[in-house]
Amino acid sequence: MVTSIEEAKRKIEDASLRANKLEKPQFVSIVKQIAQFDPLSVYYNGRHLYEGKRFFWKDAYNPFYLVGFDYAHIIEKNKGRDRFKYVEEEWKRFIEGVKENKTPFGTGNLLFGGFSFHPYQKEDNLWTSFPVSRFYVPKVLFTSYNNEAFITFNRYIKQGESVEDIIKEMEHIEETFLASDILPSQVYERNAVQHEVAPEEWKRAVKHATEQIRSGEIEKVVLARELQITFHEKIWSEYALSRLLEEQNLSYIFAVEQDSQCFIGASPERLVKRVDGEVFSTCLAGSIPRGHSAEEDEKLGEELLNDEKNLFEHKLVVNMIEKAMKETCLNVYAPEHPTLYKVKHIQHLYTPIKGKAKEGTTLFELVEKLHPTPALGGYPKEESVEVLEKLEVFERGWYAAPIGWLDGDGNGEFIVGIRSALLRGHEASLFAGCGIVGDSDPQSEYEETKTKFKPMLSALGGMNNDK
């Protein structure tokens, strides 16, 4: 339900009365329809009020944007294999407590956040501001979907708060965030120093993994590595987002700020989406660079579609996702043969998978069953994750992990945080991985990771400054 000013005042007054009577803050969600806006400009306009507390989300398949600020309600867990269940139970408890009316898609009580790849993280790792699970209902949320736009205000009303002051605050935020739809140009020299973290050790890890695969211990493992970049000035996430929106428009574009860090990327890979009981997942496994001409691009695509190594790797992922979905869904369907999914620097083997959620199946349950797919961890799941934990020389944090949103009706979507970087002031850590099978060549896999670094390298302006 979209709220008028009069209705907003009434809701706040009612919440204020309940807060005074119960001596406990009361939650309200106010949704207002607004004119279409530029999502990136809104994200930028909120910087001076909410830097370190912003998020940005763009759907890969639909004209759907979310831009959120600050925290009205937080659900967080710092460790533990029960993190999916914990967040789900806390979310259910919150929803039952607020009992809001139905609102337009992507508005109102919307929960946004993510998990780390592993259920435990070292305390001295890069990801100091990103725990193993962190979700929140934003205080201010801008939503653009198809040809409609909305602003949502979520907050707890405390005892004795002035209704008029709250209304004025909301009006001020709306006016400030929509004041300009132009992102100011950034003038700087993008001189960057790049440092590859232990590349030779990574190649040795690939060789070791192939030996374990050939011995029959596992069938596949995904090994990732880190590239560090240092710039002379601070990296502002809005300018990286601007480049990603321009260059990676067929991917999910996301940015999640936590204090002085920002996790940002352009992921082509959906983990799972659930809307009105319909469930969708995506298999992206097996890749090759784009060509420099249409003819070369087509030739490379055909090569990928007929490459036994990549087809084997892709089929492992399809089989695992199908199996997981059949445990929770009806009428699961996947095409027999993959097609190509092409983004700017790379093309992938692509298979969409869909089904109908069984009664009681939740989005968090689907996320837990699917993460990590063989495209991000390996196969079999538990054994391959143990191998990558031993062989990788960095902490994955939220890289290759589920990031997404859901609403009070159980609708929502999670992607995997690949083609991504962790921004820390004037430094950035980029991450990329490859699926390793028995006949993988360490140098070829190394070159593939270099291709997968390109989206974020280009977005940050560090493409041609290797040192």
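**Pockets, cavities and cysteines in a predicted model**

Around the second largest pocket sit 21 lining residues, and those nearest its centre are Arg 18, Phe 27, Gly 97, Val 98 and Glu 100. A pocket here is an open set of points on a 1 Å grid over the protein atoms alone, with protein on both sides within 12 Å along at least five of seven lines, and lining residues have an atom within 4 Å of a point. The model is predicted, so local features need pLDDT of at least 70 and side-chain atom pairs count only at pLDDT 80 or more, while totals for chains, interfaces and linings use all residues. Residues are numbered from 1 along each chain as its sequence is written, and side-chain values use heavy atoms, with hydrogens and water left out.

The second largest pocket holds about 480 Å³ of space; a volume is the space filled by probe spheres set on the grid points, which are joined across faces, edges and corners. Helix H1 (5–22), strand E1 (26–34) and H4 each bring at least two residues to its lining, with H1 giving the most, 7 residues. Helices (H or I, at least four residues) and strands (E, at least two) are DSSP runs, numbered from the N terminus. By type, the lining of the second largest pocket splits into 9 nonpolar, 3 polar and 9 charged residues.

The largest pocket comes to about 620 Å³. Its lining has 24 residues, and Phe 117, His 118, Pro 119, Val 385 and Glu 389 lie nearest its centre. Helix H4 (83–98) and helix H11 (381–391) each supply at least two of the lining residues, and H11 gives the most, with 6 residues. In the lining of the largest pocket, 10 residues are nonpolar, 3 polar and 11 charged.

A cavity is a set of grid points where a 1.4 Å probe fits but cannot get out, and the model has 2 cavities of 30 Å³ or more. The largest cavity has a volume of about 220 Å³. Of its 22 lining residues, Ala 375, Ile 418, Arg 419, Gly 433 and Lys 452 are the closest to its centre. E22 gives the most to this lining, with 5 residues, and the lining of the largest cavity divides into 11 nonpolar, 5 polar and 6 charged.

What about the cysteines? The count of disulfides, pairs of cysteine sulfur atoms within 2.5 Å, is 0. The sulfur of Cys 283 is 15 Å from the closest cysteine sulfur, in Cys 434, so it is too far for a bond.

Cys 262, in strand E12 (residues 261–267), is buried with a relative accessible area of 5%. Leaving aside neighbours within four places in sequence, Cys 262 is in contact (heavy atoms within 4.5 Å) with residues including Phe 130, Ser 237 and Leu 422. Cys 262 and Ser 237 are 25 residues apart in sequence and 7.3 Å apart in space, C-alpha to C-alpha.

How values were computed: Buried means under 20% relative accessible area, exposed over 50%, partly exposed in between (1.4 Å probe, protein chains only). Ala, Val, Leu, Ile, Met, Phe, Trp, Tyr, Cys and Pro count as nonpolar, Asp, Glu, Lys and Arg as charged, and the others, Gly among them, as polar.
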